[in-house]
Amino acid sequence: MVSCAGRELPWGSVTAWQPPERVAFRWFPGRDADTGQEVEVTFAADGEGATAVRLEHKDWHVFGEKAAAMRADYDGGWDGVLELYRRAAVVERV
């Protein structure tokens, strides 16, 4: 990410890359790396032409008393992100 001041800011780092089944990363967008959480996304066949996507976001304890509120924000946030990916991945069949 690039800040308003033009400074490049890391959002995380990949910890596992196993296509096409799994990707995992430390996630700390706009924050210090020591507040990073682990995010793991897995993909599995789910019927003909469909894929089940499972996202697990953990290590909320790094936020102390703010953890519950931050998790609630991300619960809705991830839904929106995954919906955008779903729409991009849908292939129309002719």
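This report describes the fold, overall dimensions and helix of a predicted protein model.

Local features here need pLDDT of at least 70, and side-chain atom pairs count only at pLDDT 80 or more, while totals for chains, interfaces and linings use all residues. Residues are numbered from 1 along each chain as its sequence is written, and side-chain values use heavy atoms, without hydrogens or water.

Helices (H or I, at least four residues) and strands (E, at least two) are DSSP runs, numbered from the N terminus.

The radius of gyration, taken over C-alpha atoms, is 16 Å; a compact globule of 94 residues would have one near 12 Å. That rule is 2.2 Å times the number of residues to the power 0.38. The C-alpha atoms fill a box of roughly 45 × 30 × 25 Å along the principal axes. Of the 94 residues, 23% count as buried, meaning under 20% relative accessible area with a 1.4 Å probe, protein chains only.

Helix H1 spans residues 67–89. From first C-alpha to last it reaches 32 Å, close to the expected 33 Å. The expected span is 1.5 Å times one less than the number of residues. Ala67, Tyr74 and Trp78 of H1 are buried.

Notes
Buried < 20%, exposed > 50% of the residue type's maximum accessible area, 1.4 Å probe, protein only.
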